[in-house]
Amino acid sequence: MAKAKTAYVCNECGAEHSKWQGQCTDCGAWNTLSEIVLQPAAKAAGAQRRAGYAGETAQIRIQSLADVAQNVESRTSIGIGELDRVLGGGLVEGSVVLIGGDPGIGKSTLLLQMLGSLGTRLSGLYVTGEESVAQVAARAQRLSLALEPLRCLPETCIERIIEHVAKDKPNVLVVDSIQTIWTELLTAAPGSVSQVRESAAKLTRFAKESGTSVFLVGHVTKEGGIAGPRVLEHMVDAVLYFEGESGSRFRVLRAFKNRFGAVNELGVFAMSDKGLREVPNPSAIFLSAHAGPTPGSAVMVTREGTRPLLVEVQALVDQSPLANPRRVALGLEQNRLAMLLAVLHRHGGAAVYDQDVFVNVVGGIRVQETAADLPVLLSVLSSFRDRALPDKLVAFGEVGLSGEIRPVPNGEERLKEAATHGFLRAIVPKANAPKKGKIGEMEVVGVERLGDALDAVV
Ligand code: TYD
Ligand code: MG
């Protein structure tokens, strides 16, 4: 085989360079270049022709979209409702989905259960690079799956995997994990950025050409990204993260990117001795069971994806021995916390510049929407003053830099959810509060300024 041409790509910005260099001249990042294989132009065209994209006789021409045969994406329900929901309503033919998460969180279990649930409706193939076939079989048995339709291939060389699947033509292909897969074209070790990228590119091409739905398992690095270049995220159709606290049996599957559905959609599972069970009604599982009101704890109604969820935010504020006190946010964005603390000082009159501030979202879930601003500040102030918030209180609302409380989408739905779960008082943006000030039994207080919100409760 002729030696393949290689180039160097930056893992941060994706820029390509012909030579290796210490710093990417495009984005300025250091030590981010890694080797990739370039597809020879003639060969690429040949592959396309074989796949029937642009046959020699086929004319490429300008077309009105109205004339294009409606290529309605064909979806199949997996039969695991929470997974279907996160995928945007089921499995899409020819799609590539990357599932990331910490080791041991349950990625392999979830995908094996998915193949089990598809059973004989769609043919599946599980490519295992991490566990032996015997281990996969033992797990399938423990999960009480029907073993007959489950087929497994212990292979890590991408060329040989493609050879197998091109013959076998499964509808669904699971590759566990992408970090173990390598290509003959590169000498780099499996798991290195160039190997991961090249293998994923080959699998993506295969998925698009054959209509096979491909699921890639990816491990998460210390920094929280999926190991491999950022370009991996651009290559695939959907990126799902599987998250959860190590001590908790609840697991959350989150769509981080999805070409076929809503992002931030959450699927909730509980790990049991029989594998992952769905939690179709997760509303109140992210509240910790306090005997009574506790300083530093606030409950918010978040709406990640398409349903409201009651989530507890905890804060610990303590005198800092450090010149630069710590600001630690778990499950929230760090910069947002720093900004909120500045607003709290300027517009709420609480000075925490000499205090360490730790904020944690209970249950290991990540809240990205700005509706968390107000409850975060309530929990911080409650811990700072060592005074518990009133019992059965919920809050949500975005806090602006000038101390205003801004409305958030779907206010009424959030309030109804809180009322259903027995909350008695809500502090929300004025524009989200109903005119009569009540939803069911729950009293709703609308506020316009941060000061009003703090006066109302802490
Ligand atoms: P696994 O799917 O191997 O995680 P990953 O592929 O993300 O690394 O999950 C392994 C964990 O799940 C392990 O700690 C054991 C636990 N587990 C159960 O609690 N019950 C089960 O039925 C199974 C299969 C696993
Ligand atoms: Mg695994």
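In the predicted model described here, strand β12 (residues 250-258) pairs with strand β13 (residues 266-272) in the antiparallel sense over five bridges. Strands are DSSP runs of E of at least two residues and helices are runs of H or I of at least four, both numbered from the N terminus; two strands count as paired if DSSP finds at least two bridges between them. Across this pair, R251 stands opposite F269 in β13. Because the model is predicted, local features need pLDDT of at least 70 and side-chain atom pairs count only at pLDDT 80 or more, while totals for chains, interfaces and linings use all residues. Residues are numbered from 1 along each chain as its sequence is written, and chains are lettered from A and ligands numbered from 1 in the order in which they are written.

Strands β12 and β13 belong to an open sheet of nine strands with mixed pairing, in the order β8-β7-β9-β10-β6-β11-β12-β13-β14. The edges are formed by β8 (152-153) and β14 (275-278), each of which has a single partner strand, so one side of each is left without a neighbour in the sheet.

An open sheet of eight strands, also with mixed pairing, has the order β17-β18-β16-β15-β19-β22-β24-β23. Its edge strands, β17 (327-330) and β23 (438-439), each pair on one side only. Within this sheet, β16 (residues 309-319) is mostly covered, with eight of its eleven residues buried; a residue is buried if 20 or more other C-beta atoms, placed from the backbone, lie within 10 Å of its own, exposed if 12 or fewer, and partly exposed in between. Strand β15 (residues 297-302) pairs with β16 in the antiparallel sense over six bridges. The two strands form a hairpin with six residues between them, and G305 in the turn has a positive phi of about 75 degrees. S297 stands opposite Q314 in β16, and the bridge partner of V301 in β16 is L310. Strand β16 is also joined by seven bridges to β18 (residues 355-361), and these two strands run antiparallel. In β18, Q314 has N360 as its bridge partner.

The domain assignment, which is automatic or taken from a database, divides the protein chain into domain 1 (1-43), domain 2 (74-278) and domain 3 (297-457). The centres of domain 1 and domain 3, taken over C-alpha atoms, are separated by 45 Å.

A nonpolar core is a set of buried Ala, Val, Leu, Ile, Met, Phe, Trp, Tyr and Cys residues joined through C-beta atoms within 7 Å. The largest has 111 residues, of which L216, M300 and A395 touch the most other members. Helix α9 (residues 373-384) gives the most to this core, with seven residues. Both domain 2 (74-278) and domain 3 (297-457) give residues to this core, so it lies between them. Leaving aside neighbours within four places in sequence, L216 is in contact (C-beta atoms, placed from the backbone, within 7 Å) with V96, L98, V175, I178, A200, L203 and V236. A second, separate core of five residues includes V9, C10, C24 and L33.

Ligand 1 is surrounded by 15 residues, the closest being G106, K107, S108, T109 and G275; the criterion is a C-beta atom, placed from the backbone, within 6 Å of the molecule. The elements giving two or more residues to this shell are α3 (107-118) and α4 (133-142). Helix α3 gives the most, with three residues.

Technical notes. Two residues are in contact if their C-beta atoms, placed from the backbone, lie within 7 Å.
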